[in-house]
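Let us take a walk through this model together, going from one part of the fold to the next. Please keep the sequence and the coordinates open as you read.

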Amino acid sequence: TVVVSAGDMIGATPLLSALFHDEPAIEVFNEIGLDFNAVGNHEFDEGLTELLRMQKGGCHPVDGCADGDPFEGADFRYLAANVFYEGTNRTIFPAYRVMTFSGVKVAFIGMTLEGTPTIVTPSGVAGLTFLDEADAANVYVQELKRRGVQTIVILLHEGGVQTGVGDHNSCAGISGPIVDIVNRLDDEVDVVISGHTHMGYVCSIPDPKGQPRLVTSATNYGQAITETTLVINKRTGNVVREASTAKNILNARDIEKDPRQTDIITKWKALSDTVGARVVGSNAEDIL
């Protein structure tokens, strides 16, 4: 089993996390056991230097470590296949990572939407170049194929929307950027885990050879997780796509709270109550 996410795991977070530069969110995902996270647009809200701190750790340069403990950074690996240092061919994070399951290599390519600079404060993306999602992915697919990797999963912070009355496990009239991107991906890409649009869907969109390809999205705010089961031919390393499945499992909040997560939340809640109670401004008259 591998646990992955498609971006926006920090930034635009509740006060409890946002007050502390999302160190609480990173601690939560470390405890969950997240393996890989594709960068999303919100990962750039506080700029590249701060995003690198999220990966590597270290106290905030201005506010320090609010809880009194060293911030160790993310145990999971950020991936950024289409985000480059401006004027170079060097990505800010690795483009992909490969894991081996029972002798079979499985690659995970991570990226954000090309339009990230249009929805992030300019200072947050200064000095960076964002490339077309499909074009960037296809370059690395060829590299992976040369390495003998046949099973390829893309974590993409871009998505689509359903029409009509589709539920979280349907694909009713899927539209949006994800459709064009998926249609232009190399046929060796087996699964696309998408995000950004806050929608839930499980689709099968044919690849250029007409073979089914899973495309999923797990809604937003932790409302669901997508459980994907890939059946892989150990001899060839290829996914048996007709036998592979995905489903969105809604979070019903009907199980016992995890004690270690509760400890993290309790610690930061006490700190956030103190900081949140500080008066930073006041208004003497009604604002009409």
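A residue is called exposed when its relative accessible area is over 50%, buried when that area is under 20%, and partly exposed in between. You will find Tyr 221 in the loop between β11 and β12 (224-229). Its backbone deserves a look too, with a positive phi near 55° in a residue other than glycine. Please keep in mind throughout that this is a predicted model.

Now turn to Asp 22, in the loop between α1 and α2. Here again phi is positive, about 65°, although Asp 22 is not a glycine. Is Asp 22 buried or exposed? With a relative accessibility of 5%, Asp 22 counts as buried, because the cut-off for that class is 20%.

Stepping onward brings us into helix α2, where Glu 23, Pro 24, Ala 25, Ile 26, Glu 27 and Phe 29 are buried. Their cover includes α1 (15-18), α3, β3 (77-79) and α6 (259-276). After the helix comes Gly 33, with a positive phi near 100°.

Glu 23 also has a charged partner. Its side chain meets that of Arg 53 in a salt bridge, with an N to O distance of 3.0 Å. Since Arg 53 lies in helix α3 (residues 48-56) and Glu 23 in helix α2 (residues 23-32), the pair ties together parts that are 30 residues apart in sequence. Both Arg 53 and Glu 23 are buried.

Next, please find the open sheet. In what order do its six strands run? The order is β5-β6-β8-β9-β11-β10, and the pairing is mixed. β5 (96-101) and β10 form the edges, each pairing on one side only. From one strand to the next, the twist averages 15°. At the β5 end, β5 and β6 are antiparallel partners over six bridges, and Phe 101 stands opposite Val 104 in β6. Helix α4 lies across β5, β6, β8 and β9, and it runs at about 160° to β6.

That brings us to the largest nonpolar core, which has 27 residues; Ile 109, Ile 152, Ile 154, Val 192 and Val 215 have the most contacts inside it. At least two residues of this core come from each of β6 (104-112), α4 (133-146), β8 (151-157), α5 (177-183), β9 (189-194) and β10 (200-204). Which of these elements gives the most? It is α4, with five residues. For a close view, centre on Ile 152: leaving out residues up to four places away in sequence, Ile 152 touches Ala 107, Ile 109, Val 141, Leu 144, Glu 188, Val 189, Asp 190 and Val 191. There is also a second, separate core of 24 residues, with Ala 74, Tyr 78, Ala 80 and Val 83 among them.

Back to charged pairs, then. The structure holds 13 salt bridges, and one of them joins the side chains of Asp 135 and Arg 184 at 3.5 Å, N to O. Asp 135 sits in helix α4 and Arg 184 in the loop between α5 and β9, so this pair ties together parts that are 49 residues apart in sequence. Asp 135 is partly exposed, at a relative accessible area of 46%, and Arg 184 is partly exposed as well, at 31%. A further salt bridge, 4.0 Å from N to O, joins Asp 187 and Lys 209. This one links the loop between α5 and β9, where Asp 187 lies, to the loop between β10 and β11 (214-218), where Lys 209 lies, 22 residues apart. At 62% relative accessibility, Lys 209 counts as exposed. Through shared partners, salt bridges also join Asp 132, Asp 135, Asp 180 and Arg 184 into one network.

Our last stop is Lys 247, in strand β13 (residues 245-250). With a relative accessible area of 43%, Lys 247 is partly exposed. Which residues does Lys 247 contact, leaving aside its neighbours within four places in sequence? They are Asn 169, Val 202, Ile 225, Thr 226 and Glu 227. Look as well at Thr 216: Lys 247 and Thr 216 are 31 residues apart in sequence, and their C-alpha atoms are 8.4 Å apart in space.

Note on methods
Residues are numbered from 1 along each chain as its sequence is written. This is a predicted model: local features need pLDDT of at least 70, side-chain atom pairs count only at pLDDT 80 or more; totals for chains, interfaces and linings use all residues. Side-chain values use heavy atoms; hydrogens and water are left out. A nonpolar core is a set of buried Ala, Val, Leu, Ile, Met, Phe, Trp, Tyr and Cys residues joined through side-chain atoms within 4.5 Å. Buried means under 20% relative accessible area, exposed over 50%, partly exposed in between (1.4 Å probe, protein chains only). Helices (H or I, at least four residues) and strands (E, at least two) are DSSP runs, numbered from the N terminus. Contact means heavy atoms within 4.5 Å. Two strands pair if DSSP finds at least two bridges between them. Axes are lines fitted to C-alpha atoms, for helices over the stretch in contact, and angles run from 0 to 180 degrees between N-to-C directions.
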